[in-house]
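Here's a quick briefing to read alongside the structure. Have a look at the fold below, and then we'll go through it topic by topic.

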Amino acid sequence: MSTNGAGAGFETPGLVCAHHHLYSTLARGMPAPPRVPKDFGEILELVWWRLDLALDEEMIRWSAMLGALEALERGTTAIVDHHASPNAIEGSLDVIADACEAVGVRSSCCYEVTDRNGADGMRRGLEENERFLRGGGQGFVGAHACFTLSDESLAAVSGLAEDLGAGVHIHVAEGEIDRAAGSRLEGVARSDWLLAHCVHLDRPLEGRIAHNARSNMNNAVGYARPTRWAGSNTVALGTDGIGGDMLEEFRIAYVRHRESDVTASPESAWSFLEGGYELFPEAHEDRVVWSYEPMEPWHLAFTPGVRPLEVTVGGEVVLSDGVPTKVDPVEVRARAAEQAARLHSRL
Ligand SMILES: [Zn+2]
């Protein structure tokens with residue numbers, strides 16, 4: 001990512017979050033699970049698959065509003081989202097896309113197709129992707145992960161994507177539990193697919209890869225070693241739902257790389273940030289003026305707290321003097337807190 005602007009050195013294009021779960025924004029402070037999860041599979045079962053079942057449309061809306069607001073406040077102008085709300089599927093992708101637009105952030109949406117909520121849940125997830133994309137929405141056909149998809153369901157996902165001329169956004173070998181993803185997707189994944197995590201991926205696949213350094217550490221799934229794909233796949237950076245602060249994610253991706261290899265340079269993690277523009281070329285036209293100069297990897301790897309002063313998306317100033325212009329951030333936070341309280345009481 002080169003800086004631009006005559007002699008400025010503190011402007012960059014908008015940042016891209018290549019893998020987000022805006023529905024998880026209200027999870028913070030949620031009641032503890034019935035027992036402490038012992039591995040990644042239990043984290044899914046005891047935390048995330050209980051949370052997504054409890055979501056309704058108002059929770060989805062304000063979760064997305066808050067997530068988009070927090071992204072914008074950190075200079076992120078494009079979010080590639082991956083959504084699940086098994087009891088509020090129909091229309092959910094429009095709710096998220098509208099929330100992002102209201103805040104002034106670009107979005108790419110998908111609904112995660114899975115067999116874990118039965119055949120009807122699978123079908124309705126597939127239909128939500130089709131409804132949204134045929135209606136002109138920007139996004140992918142979403143899929144959870146191979147280990148919750150039968151061969152038939154996976155074929156339905158890839159078939160729909162092919163029909164629509166879209167890619168598939170899917171979790172790939174995030175944990176040991178999904179170790180078979182490589183063999184399941186070999187010859188199926190295509191260059192326009194977005195493969196999230198790829199920690200335990202055992203062979204090259206077609207598609208772009210979203211690296212989520214902090215989430216992987218938080219789930220103790222191991223190091224994804226994303227630089228091993230440098231010659232074959234574009235790697236971009238995602239948060240996997242832990243906020244939308246891509247400079248922080250860059251910093252963590254760098255230090256995780258460095259932990260495994262003391263010769264690692266922050267230029268690698270910086271190149272992952274730039275990989276986001278393959279997914280979201282429009283964000284490269286957005287402009288962020290930062291509180292720090294110069295916006296270069298060797299500086300930013302060791303400089304927390306850098307913040308945007310002004311953000312312009314598609315020619316419109318959406319953040320001025322560090323404050324969003326299209327929404328009232330105090331109101332968004334208040335409404336999101338109300339919905340978080342409702343969500344937590346359900347849990
Ligand atoms: Zn994810």
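Which strands does helix α9 lie across? Helix α9 (residues 266–279) lies across β8, β9 (208–211) and β10, and runs at about 100 degrees to β10. That angle is between N-to-C directions, on a scale from 0 to 180 degrees, with axes fitted to C-alpha atoms (for helices, over the stretch in contact).

**About the model**
- This is a predicted model, where local features need pLDDT of at least 70 and side-chain atom pairs count only at pLDDT 80 or more, while totals for chains, interfaces and linings use all residues.
- Residues are numbered from 1 along each chain as its sequence is written.

**Overall build**
- You'll find 11 helices and 14 strands in the chain; these are DSSP runs numbered from the N terminus, with helices (H or I) of at least four residues and strands (E) of at least two.
- The C-alpha atoms fill a box of roughly 60 × 45 × 45 Å along the principal axes.
- Buried residues make up 50% of the 347 residues (buried means 20 or more other C-beta atoms within 10 Å of a residue's own, with C-beta atoms placed from the backbone).
- Of the contacts between residues at least 6 apart in sequence, 72% join residues at least 24 apart (a contact means C-beta atoms, placed from the backbone, within 7 Å).

**The sheet**
- Six strands make an open, parallel sheet in the order β5-β6-β7-β8-β9-β10 (strands pair if DSSP finds at least two bridges between them).
- Its edge strands, β5 (112–113) and β10 (235–237), each pair on one side only.
- Inside this sheet, β7 (residues 168–172) and β8 (residues 194–197) pair over four bridges, and Val 172 has His 197 in β8 as its bridge partner.

Note on methods. Buried ≥ 20, exposed ≤ 12 C-beta atoms within 10 Å, placed from the backbone. Contact = placed C-beta atoms within 7 Å.
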